[in-house]
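Try each task on your own before you look at the solution.

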Amino acid sequence: MAGTSTVTVESPAERLAVAFSRILRGAGLTTPVGSVLLFVEALGQTGIDSRESVYWAARTTLVRRPEDIPLFNRAFEAFWLGRTADGSTQITETMKLTLQLDTDDDGSDERDSAETSSDDETITLRFSAIETLKHKDFADYTPTELAEAQHMMSRLRLAGSPRTSFRHVRGRDARLDLRRTIRSSLQTGGEPIRRHHLDPDQRLRRLVLLLDVSGSMEPYSRALVRFVQAAVAGRQKVEAFAIGTRLTRVTRELSNRDPDRALKRASDRVQDWSGGTRLGDCLHQFNDEWGVRGMARGAIVVVLSDGWDRGDPEHLSEQMSRLQRVSHKLVWVNPLKVTPGYAPLARGMAAALPHVDAFVEGHSLAAMEELARVIGQP
Amino acid sequence: MADSTMSPGTVAAALEQQGYLCDTGLATAVFLSLSLERPLLLEGEAGVGKTELAKVLARWTGGELIRLQCYEGIDANQAVYDWDYSRQLLHLRAAEASGEARNSGADALENELYAERFLVKRAVLRALEPATARPVLLIDEIDRADDEFEAYLLEVLSDYQVTIPEIGTVRAAVPPIVVLTSNRTRDVHDALKRRCLYHWVEHPSFDREVEIVRRRVTGVSDQLARQVAALTETMRGLHLYKPPGIAETIDWATALARLGASTIDESLVRATLGTVLKYREDQERVTNNGLDQVIKQALQRSLVA
C-alpha cells in the first residue's frame, strides 16, 4: 500500500477509477488496490464514454458479493451524476484523500495488534470468580463479567462429531497407497516389499449458529453473541446469522479475533437488533438462500432463541422440519428453559420442538459448556 | 476471436449465434474475461445457465471444453495430475525381468518411472497444454471443494502454471479461458475472488426467457413458449423451496412439446408438473393456490407482455 503514494495519475480512466473506488470505500465497500487496477484495465477495454460499459466494467471488477450490489448501484448512481461537473482540481484532491485512506488502513492494523496484545495481558481471573460466574444467569451480568465470560467461552471446544471425508490420509487399512508404495519400491530394486496404505480422512462438520437478537432475548443475546463470536473466531467452518425481523449473515463481521471490534462490526451490520421476531420467515429465508442449498447439509445447526414468535407457528414448524431434514443435528438453545415451571408455551417454541434433536438451556456459562458437550456428541 | 474489434456487443452476438442469450452485464463480463485473460467467476441461483455459458464459449471459440467438477475432498491428484501406477508397476516388473533394474541402478530406474509417459494429465494440466484454440477450463461448483484446494487453485490461476516435482514446471503458452461457478453454499475466499472477474447471474427477463425456450426447444409453438415462460415466472413469485430456473423451463417446454401440446391447460400442467417442481411441498403449494388461478394468471401475462 505504501507504493500508492508514488503512483502518478495520468489517464482519464485511471482518474475515473480512483475517484469511483474512493466513493465506494466511503460507502463501505472494500475495494482492494488490485481490484482498482483491474478496473482500470477493464476500462481500457470498454472505454469510459458509455454509462453502461463503465457500470459493468466496475461491477465485474469491484463487486464480489451479490449483497453488495444495491450499495454499489447507489454509489454508481451518485458518482455518474456528479462526474462531469467536477473539474481536475477536484480530482487532485481525490487522490490525496485516497492516500490518506490507505495510510489509515495501515495504521489501524497496527492498532489492531496493539489492542489484542494488551487484552491478553489484562484479563486475569481468579478461580473463585470463575466458579461464581459459571452458574450466574446471563441476564444478571455486569459489563465486566460479560468480558470475563467472553474469555471463558473462547476456551470452549466446539468440535462436533467428525464425518468421513472423500479425501484419504496415510493409514493402515482400506486402500493401497500406490504412489508411496512405488516410491519406496525403488529402494528395493523395483520390488514392492514395503506397502503403504491410505485411510479415509475425518473432517470437521460445519457449525451453523442462528442467534435470535429480538427484544425479548435482549438480556441473553448480549452474552450469547459473545459465545457465537468465540465460536466463529475459534474454529474453522462456522457460520453465524442474526435473526430478528430479518436474517443477517454476520460470519464475516464476527470472524475478527478482537471480540470488541467483532461485536461492534456485527451490531453495525444487524439493523433489527432488539426489534421483533419473525422466526418462521427468517428460517425460511435461511433455508432458501443458504441452508438447504448446501450450508446446513450435514452440518450441526444451533438455534439460540427463546421461541417467542409473532409469525404463524405452522410456518415455523414447516421450516424447522425442512432444516432438520438436511442437517446432521439440529439443536435449540433456550435461555428460558431453566426458569422454574417453564413449559414451552411460546407458540413458536412449541411448534419448533418436534423437529429438534436436542433442546438445551442457554442462560449461563455452565449451560454453554453443556451445549459444547451436546455439539460434541456423535 | 480475441481481436481488437471485439466488444461486449460482438460477444453477445456470437453467443447468441451459439444459442445462448445473455444480457449486457454478462456479455461485458465475458468480453473482459477474454480480453484481460482473467478467470470469470459466476454465481447465481441453480439453473440460471452458469455451466451452460462455459459450454457455449467452447463451441464459439472452438477450444476444447475441459470440465473439472469440484467436490469435497478433491485434491491435486484428481484435478491436476497423477501417476499411472499400474503401468509403473508393470514397467518395474519388466525392468526386473530383463535385468535392467540391476544394471542401470536405482536413479535411472526412477527417472524412467517418473517420465511423461506415466503421467496422467487431469483437467487443469490439460488446460495448460499447447492447443490450436484456447481451451475453456470450467471449474464447476468451486464452493464444494475445500479451502486448501481453493488456495492451490489460486496459485494455478495466477500464473497459469503448475509445478510437477519430478518433471518441472508446465506453463501455458496461451492462458486458457477459465470459468468458475459457485452456488454459494459457502463464500469463496476473497483472494480467489480478487483474481477473478465476478458476475452474479440473474433469472432472465420474461421476453428473454421466451426467446431462450423458442431457440432451445424444437417443435415448440410461439404460444406455448410464452405460456410456459409466464407460468415459471409466476411460480418464481410463489416462495417455493426451489423456484424453477431456466433449465426447468426448458425441460418443461420440451416435455409439453413432446406431448404435442400447442397450448397449456390444467390437466397437462398437472401431468407434467414433476418436470418443473421437484419438491412435493412445492407441487402442493402450487396446486393448493388453485392451479386454475395460477394458469389463468399466467395466460393473461403471456398475452400482455
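**Exercise 1: the domains of chain A**

Task: Find which domains the assignment gives for chain A, and how many Å separate the centres of domain 2 and domain 3.

Solution: Keep in mind that you are looking at a predicted model.
- Step 1. Go along chain A: the assignment gives domain 1 (2-104), domain 2 (164-203) and domain 3 (207-376).
- Step 2. Now take the C-alpha centres of domain 2 of chain A and domain 3 of chain A; 43 Å separate them.

**Exercise 2: the domains of chain B**

Task: Find the domains of chain B, then describe how domain 1 of chain B and domain 2 of chain B touch.

Solution: 
- Step 1. The assignment for chain B gives domain 1 (8-72 + 122-201), domain 2 (81-118) and domain 3 (206-297). Notice that domain 1 of chain B is written as two segments, 8-72 and 122-201.
- Step 2. Over C-alpha atoms, the centres of domain 1 of chain B and domain 2 of chain B are separated by 36 Å.
- Step 3. In the contact, 5 residues of domain 1 of chain B meet 4 residues of domain 2 of chain B.
- Step 4. Sort the domain 1 side of this contact by type: 3 residues are nonpolar, 2 are charged and no residue is polar.

**Exercise 3: the overall form of chain B**

Task: How does the radius of gyration of chain B stand against that of a compact globule of 305 residues?

Solution: 
- Step 1. For a compact globule of 305 residues, expect a radius of gyration near 19 Å.
- Step 2. Look at the spans along the principal axes: the C-alpha trace of chain B covers about 85 × 45 × 35 Å.

**Exercise 4: where the chains meet**

Solution: 
- Step 1. Count both sides: 33 residues come from chain A and 35 residues from chain B.
- Step 2. List the elements of chain A that give two or more residues; among them are helix H2 (33-46), helix H3 (51-62) and strand E1 (163-171).
- Step 3. Pick out the largest share: H3(A) gives 7 residues.
- Step 4. Sort the chain A side: 13 residues are nonpolar, 13 polar and 7 charged.

**Exercise 5: the predictor's confidence**

Task: What scores does the predictor give the complex, and what is the average pLDDT of chain B?

Solution: 
- Step 1. For the complex, the ipTM is 0.74 and the pTM is 0.74.
- Step 2. For chain B, the average pLDDT is 89, and 98% of the residues score at least 70.

Methods:
Residues numbered from 1 in each chain as written. Chains lettered and ligands numbered in written order. Predicted model: local features only at pLDDT ≥ 70, side-chain atom pairs only at ≥ 80, totals over all residues. Contact = placed C-beta atoms within 7 Å. Helix = DSSP H or I, 4+ residues; strand = E, 2+ residues; numbered from the N terminus. Nonpolar A, V, L, I, M, F, W, Y, C, P; charged D, E, K, R; others polar. pLDDT = per-residue confidence, 0-100. Domains from an automatic or database assignment. Rg over C-alpha atoms; globule rule 2.2 N^0.38 Å.
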